[in-house]
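Please keep the sequence and the model in view while reading.

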Amino acid sequence: MSLLLDIGFAVWAHSLHEKIASMISNPTAAQVLEMVIAGVCLLLFLVPLCFFLGYMERKVAAFMQMRLGPNRVGPKGTLQIVADTVKLLMKEGLTPNSADKFLFNLAPLIVVITSMLVLAPIAFAKDFQLWDTNIGVLYVSSISSLSVIGILMAGWSSNNKYSLLGAMRSGAQIVSYELSIGLSLISIVILSGSLKMSDIIASQADGWWIVKGHIPAIISFIIFIVASTAEINRAPFDLAEAEQELTAGFHTEYSGMKFAMFLLAEYINLFVVSAMAATLFLGGWMPLHIGHVEWFNHAMDFIPSSLWFFGKTFFVIFIIMQFRWTFPRLRVDQLLNLEWKYLLPISMFNILLMTFIAIMHWYL
Amino acid sequence: MSLLGAPEVNKEGEFIVNIGPQHPSTHGVLHLKVWLDGEIIQKMEPHLGYIHRSIEKMSESLSYRNFIFATSRMDYLSAHINNQACALAVEKGLQIEAPPRAQAIRILLGELTRLSSHQLWWGCMGLDLGAVSPFFYAFRERELIMDIMEETCGARLTQNFMVPGGTMYDIHPNFQKRVKESLVKIKESFKEYDELLTGNVIFEGRTKGVGYLSAEDAISFGCTGPTARGSGVSSDIRKWFPYDGFEKIEFDEILDNGGDCYARYKVRMLEMKQSVRIIEQLIDNIPEGDYQAKTKNVIKLPKGEFYQRVETARGELGVYIVSDGAASPYRIKYRSPNFSNLSALEKMCTGAKIGDLVAIMATVDLVIPDVDR
Amino acid sequence: MNNEELKSALTAVNPNVTFDETSEFMQAFVAPADFRKFMKAIRNNADLEFDFLFCLTCIDWKTNLTMVYHLLSKKHRHQLVVKVKLDDVNNPILETVCDIWKTANFHEREVYDLFGVKFNNHPDLRRILLDDEWEGYPLRKNYVDENMISL
């Protein structure tokens, strides 16, 4: 069945491509049309995804805090987040008088667009990938670090001291944690020998890297989770927002849809880092395979590859959400200490270890 | 403003941030003007009075029976103990003493109040440091105490159960049973509290060595309560000047020489256990008898001055009554614990970071209506 | 130290002090001119060492304003009330003690705010609870506010 589903998508996409090519003779125009269709599909996918993540976050929080969570709008409160979105849409999008209006309005767009761009090379299922570029991992890490520009822009242009402090914190934080993320990604690249997403996933056909890569892979998985939580400004690293210190940090002055954009970007980022963790360490859409135990591998193959991907991704999301509702927030100097004194040296040493393992072919 | 809307520093080149009066971590309408250098606090200046109601002036036109209830609105988290202080001050003027049953009820309700106040503080402490979940755990047990208060006093927060000469009514028949049931749950919850915050690495990092207040400064600033005891200054009025029969009860004054936020945190955590200990001693030994001494309908204090102090959840509350023999006080001064504790805030904050300011305010446990009165 | 010992120790500090023992605490009346020197002495005297100023307030007796300082020694556990009568009701002035006890800083501002007593050499004498533009001193007995309803 899974085979049907997976092949079905490739066949369907291919036939669409043929149809467009036959209708439009100009190849450039045809490609543009295909891109537009893909973009619209992506947006249509992102909206329910963010709704679900918002709902999930509230329910996880409620579960950890002995509450019920949203339970009034719609069955089991599922439509609460829709109601909230409608509310945000209808609110006035206020721009403060003394703000730099152009940058102020541009900032949320930059934040959202950069986070959406990162989705391009991610494989959602077998053969289900927007852009299988040969520099996939490099692309993800470079684009995702652009979001700090949007945050700095928002904080600077708001003409609010809380916002500025939040933006400065965020700048220091994202620039530092970028290093650990990069190094932990490289450790997997060393193992798989490719930056291409599909190659990395294919290299995990007989076992996921977190299992095959022994201890260094586990270390870099943990570092990746910690650093990416910091990278996307989530608690306990949410210093840029730090409600109790800076009211709302860089988005203090935002309201309505512009505020919703930041929220949207936060959830997309959460999804992206979890998807990256799932792809690099947990095998992406690749089912759980154990060496050459054929009957087990066949049984696992029957679960659709999209389910594998989303299952792993949401598992990582669940872990990151639990961080948020468990830990107190770090102070800004402790945050930088953690990165420069602990995570960075560990991940540098880890890379050496990983290279050694790769050279010796000690992985399975 | 500049071409690109940047928040400017003022003419002297200072970067000033106004924290409050509407701010999530000031727990009320406190306004702190903070001079910053990057993240580091250079200078801090509290601006008070946003909810000043002049309770002292109001009390000058209220009778000795009525002025007690205005004090519930000062430190609303230990409303009961405030009422007790006023009732005791009037009793001191009348030279009467509440009957033993009333005294026991007062102590019991007072310690329940202290417990619930500390529970709220613990939840807010976590919240201020960015851990949201402890808040809900704290409120779970606080709700038990609030229900007991509701059943016996008829109100949950501002109980107004004290009258000169005793308590307004006798306790509810279910009181002892419910307190004992709740205590079991509350004692279990202490373990959970420790698991959620106390041993957490991030929490220790945020509180240890932060907001240091030396013992000399604590005395000089007039700090009392857990704020002073966290600096190793003995200041428990229940031990120093026992009232309502505290001299007969076994409990320890918690002292910690750390002087930092973690020390103040530990003092409060251990104080909750002492409150439970006090309640356990008394709950089965409430003496039989009257719950109220006989007083005249219109109370008139003799000419003179009467000073009564009690230990609220935040420190020493002093009620200073100056009487000219009339039916209402000539002058009342409330020496509120928070007002003095607040004055030490600048000392603790200078040189700390913004994140520390929040932690320090949380451990000093300010209640702003008590500061402003 | 009991009251008698306290008395003799305080008289040694300043012979012009008068005492009143009718209330709960022993009261010492000091003249405004000697006040600051006296306070400094009883704070720093090793036998007295009143290091804890737990209450500072003022009473408006219409004919005079009386400043009241409640003092306690954490070490010796004795207590004292120091009172200073300010006869000039219209322009009461007293020396500050906020360099002796830091808590006096806020409390003196409060007294200035509500009673109008001016403290010499106070580093930051502004209104603390009321607006800076507020007129009059609310806790004075002659304060009139047309919005006030008496019961």
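Leaving aside neighbours within four places in sequence, which residues is Leu345(B) in contact with?

## Basis of the model

This is a predicted model, in which local features need pLDDT of at least 70, side-chain atom pairs count only at pLDDT 80 or more, and totals for chains, interfaces and linings use all residues. Residues are numbered from 1 along each chain as its sequence is written, chains are lettered from A and ligands numbered from 1 in the order in which they are written, and side-chain values use heavy atoms, without hydrogens and water.

## Nonpolar cores

With those neighbours set aside, Leu345(B) is in contact (heavy atoms within 4.5 Å) with Leu32(B), Met44(B), Ile360(B), Met361(B), Val364(B) and Leu366(B).

The largest nonpolar core holds 160 residues, and Leu345(B) and Phe67(B) are among those that touch the most other members. Such a core is a set of buried Ala, Val, Leu, Ile, Met, Phe, Trp, Tyr and Cys residues joined through side-chain atoms within 4.5 Å; buried means under 20% relative accessible area, with a 1.4 Å probe and protein chains only. A second, separate core of 90 residues includes Trp209(A).

## Contact between chains B and A

Chain B contributes 41 residues to the contact and chain A 32 residues. Across this interface, 3 salt bridges are found, a salt bridge being a side-chain nitrogen of Lys or Arg within 4 Å of a carboxyl oxygen of Asp or Glu. One of the salt bridges joins the side chains of Glu39(B) and Arg169(A), at 2.4 Å from N to O.

The buried area is about 3100 Å², and carbon and sulfur atoms give 61% of this area. Buried area is the accessible area (1.4 Å probe) that two parts lose on being put together, summed over both.

Terms used: Buried means under 20% relative accessible area, exposed over 50%, partly exposed in between (1.4 Å probe, protein chains only).
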